[in-house]
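Take a moment with the sequence and the model. Then follow the text from the whole chain down to single residues.

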Amino acid sequence: MVQQKLTVFAHLVADFTGPLTKDMTAESFSDRLVPFTLTTWLFLLFLCLIFFAHETYAARVKPLLANEEKSSTVLFQSSLLFYWFYGYVNEAMLMPVTLDFAASMGQSATMSGFFISCSLVASILGVVMGKRVVNEEFWDQQLARALILWSNLLASLFMLLEAVVSNSAVHWSLPSKRAVFWVMILLSQVHAFGLALPHVPLMVMWGKLTPKSEMSFWMILTQCARQGGLLAGPAVFALVSVIVKQGQPVAPASLLAWVIFAQVVFGLSSILLNSMVIPPVLPDPDTPDAPEAPRSPGRGTCELSVDALELDQRREVVRGMVFYAFERYFVTASIEVSTIMLLEVSYGWSVELSGTIFTVVSLSSLAFSGLASAVISRQVLTESTVFLACNVVALAGVIFLFDFGTGAFGLLLADGLVYGCASVSNGIAEGWGSRAAKEGTDFSNEVYRTWNTSLACAARFLAPVVARTILDFGGRNLYAALQLAMVALSTSTVYKAVSMIWNLSREVHSFKNGKEASCRSTATDHTHHTHREAFEARCVEFRCGDDEERWSKDEQSACSTFAVYGLKRLGVFRKAKLYMFHRVRRLAKASILASRRVKPLIRIFRGIMVQQNLTAFSHSVDLRGPLTKDITAESFSERLVPFTLTTWLCLLFLYLIFFAHEMYAARVKPLWANEQKASSLMFQSSVLFYWFYWYVNEAMLLPVTLDFAVSMGQSATMSGFFISSSLIALILGLFMGKKLVPEASFDQRRARSLLVWSNLVATLFMLLEAAVCNSAVHWSMPAKGVVFWVMILISQAHGFVGALPYVPLMVMWGKFTPKSEMSFWMILTQCVRQSGLLVGPAIFALVSVLVKGGSPIAPPSLMAWVVLAQAVLGLASVLLNALVIPQQMPPLPDADADDAEEPEDVTLSNDPKTERSVEELELPQRQEVVQGMIFYAFERQLVTASIEVSTIMLLEVSYGWSVELSGIVFTVVSFTGLAFAGLSTWMISHQVCQESTVFFACNAIALVGVIFLFDFGTGAFGLLLADGLVYGCASVSNGIAEGWASRAAKEGSDFSIEVYRTWNMSLACAARFMAPMVARTVLDFGGRNLYAALQLVMVALSTSTVYKVVSMTWDLSHEVTQNGKESGKEV
């Protein structure tokens, strides 16, 4: 019962304080704020400019430091090491300040642990989503590189937003701070999702570029980098703390903001390094994918690699290493958060000293890693021996966690032993898992990395909460007992894995001593016959111990060549220095040139000063005009209608149906998909319902947004912004979706997955939005103001995710639909859009009646139920698309005359009712048609979106209509669109009028109709008459416009369907973003006549755009008619 208990839960966890932290209160901390300076913002801007300048250079030439000839370079491996360093230094920087930050925000120690680990929930989702975006089987190196760079850049922007929010909340009230605490958690979820997206593609890339013989070595170095991050993190925190405090106490929220700012700097540095090093084309691997030669650490001892095991054993090794990741990460994450807490609370150490001394713990891991690397490389011990020994030492070291009177010394000794051994054992474990994985199986590198990261994230999510709660209520000994149990489990997992290697090594040793017959007798299974022959060949080839003198001359020569290669490799560094010098100099010149072009942006940025003016902006948006000045938050009811268990069960049932169908479709095919015919009725119906869903969503919000915004302490202008704000992220989603499934290399399976799963994730964000909104009914006004912005942020998230599949879907529609039918289906699309605007207010009225039950209700609660209804419609759209859209590309319709310069069998009639189609125009004219329809989309959407929000506002405020009546009457306005669309379709199909004539006539009628918007004393009747004429004509003209542009577009050119759809939707979204704010602000301050004048100007512009386009077809038709008269025959 999430929604009913959310408010109670927020207060419960805030007051869930144990005896160890009961004296820590919000009042015990300073409230000194240290704002961000202009220098800090300019520094971040400079890093971003370097990145953009380099990407511009890389798009034309290649990344600055990338080596496209060789796979495993030192620079590539170094960029991976810094990627891990960045991730772990981020986490370590947060640990010393989270306890104070949580207490200053009115939260408990348990919630401080949750604050650290909560982002790992979204990380798991990001890992799984990233696996689907860049699949190992159909590897796309350029897409993987783009995902690594841009997703991390977006994550850095969300982290910057988190820092701004944290620094702005210092002087807020305690209830508002508690709300901000949850806003911070939400933002951390978003940026963690972005950071996790490229993880699996990056590690699959690493597996493809790294020879298997080097994997364990680089994984141990990876552990060193991770521990180096944990080592440097507290030290960086201490440095930031000293610089920010300057000898005076500072508010924990402000200190956390500066820590996050430092994380952003590290993130941008990692992005820059990856962009310069990762190649856009996958180089050829340096070495074949063969099992590693056995090492001979001593006389008579031979140990093979894990990739020499049987397939079943390799699968078992991979699974063991996956579970080992959970066990070991749970232990290390618990140590990280518990050590800081014990040193601060139990032993009275300061925050800075606790963070610095934790560096010693991390430093031990580097020492252990260096020692283990030396031992393994010099063949003093085998990898398996070091692996097991590290876990045994950790098992002994964890005993010192118990409180035997050793105090802080025993605690740090135990942490050093466990942490040091974990660094080595984790590196070997990941190396073994990567080497045992086999591509194309259920234990491939992609599958291993996905599950390994997911369970590691789950462990790091659980560990801080569990460990700090046990420490707070159970003390140090109970915490030590938990750690002992987890280390024992991980040791047993390691023993199972290394025992397989030892058994195989003994078998090889026996074979070498002459037991060839017994070895061969085990290879009776036909399926493993080839593998056994290869195994015997390796046993003969890889001699150990006393057989070293039997090596052939070829083998000795090969070893000498390898040694010479190693010496030559050392000379690369001098060439690399010169290479880097020239590349960096070129990059500096490009950066200077780019900086000169962005000086106007710098001036604008300097005037904005986002962080310092955020609080002032929150109050300044309360701009009330004379039309809404008497509407206040106190004039609304505070009655809350909670979600019931039945509603959640119904949603769960829909999700289960979807997952069951996807499991069926993965084995057979989607239930209603037609894989033999492209343009089926079911496919077109699913696309129509997709449009219906989007427009009914928007129309359902319109009647309630004004009341909702005012009840949350906002103005009419902000109610318009609430409607349109998601369109910002929607434009970004359009361009990202275009990159994910490009038209040139269209992948039907990927396009279907993107369409289905992105919309499913969008419905989850909508459910979150509904739960947050319904929980804020009884909150204080400052907290409601925060919730209003949280709602906007969540709408950005589901707007971005929901827009991802738009361009791939419309490209799919363009491929499936014959060009002769495009205008027809586009007019029907406009009918469906208008139906959405028609049905939306009616659904809102129905939801309102059902929820209110005859009594007034709080607008946030009503908004929550409306968003819930939107989520239900979204699930219905997802289910229909999953059932109908095929996974394989069906046979496409025959190409029209699009690709021919002069079609041979085209009959042109002199009949005045016959006109030329836009695809018969010359290519420059077709390009002009496409561009004109793009601008027409902006003009027409600006008009229609303004009508949608302004009509409701005028009916409610100027004419005193109720919310329900306004919504129902607006249905009449939308209904005219269906009537006009039906009439125009009949006229065109029966050749009563030409398409171009109908197109122009609709715009001329709209130009006349908009005059009735002026206040001539006609009241509401004139307003609705004008809306009906403009809206009805817009339904027809928009359909013809999109059909004409789709037919005029040419694949492979700069006016293809992909380009047209991207820019058409982007400008339409920009118009729908601007219209609600502009229209409601103009109405509030200028009145109805100023609003009508604005609409008149926009309709006149759109009419002129249409005239320019239709005149081209009229000229072509006239030319054909003249040629027919001159030749005296039909052409």
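The paragraphs below begin with the chain and end with two of its residues.

Remember first that this is a predicted model. Start with the secondary structure. The chain holds 36 helices. In total the chain has 1131 residues, and buried residues make up 58% of them.

Now look at the contacts. Next comes the surface. The chain exposes about 45,700 Å². Carbon and sulfur atoms supply 66% of that area.

Find helix H15, which covers residues 445-474. Arg460 lies in this helix. Is Arg460 buried or exposed? Its relative accessible area is 7%. The cut-off for buried is under 20%, so Arg460 counts as buried. Which distance separates the C-alpha atoms of Arg460 and Phe330? They are 5.9 Å apart.

Move on to Gln748. This residue belongs to helix H27, which runs over residues 748-775. Gln748 has a relative accessible area of 4%, so it is buried by the under 20% cut-off. What does Gln748 touch, leaving aside residues up to four places away in sequence? Its contacts are Met812, Phe816, Ile885, Pro886, Gln887, Gln888 and Met889.

Key:
Residues are numbered from 1 along each chain as its sequence is written. This is a predicted model: local features need pLDDT of at least 70, side-chain atom pairs count only at pLDDT 80 or more; totals for chains, interfaces and linings use all residues. Side-chain values use heavy atoms; hydrogens and water are left out. Helices (H or I, at least four residues) and strands (E, at least two) are DSSP runs, numbered from the N terminus. Buried means under 20% relative accessible area, exposed over 50%, partly exposed in between (1.4 Å probe, protein chains only). Contact means heavy atoms within 4.5 Å. Accessible areas come from the Shrake-Rupley method with a 1.4 Å probe; for residues, only the protein chains shown count as cover.
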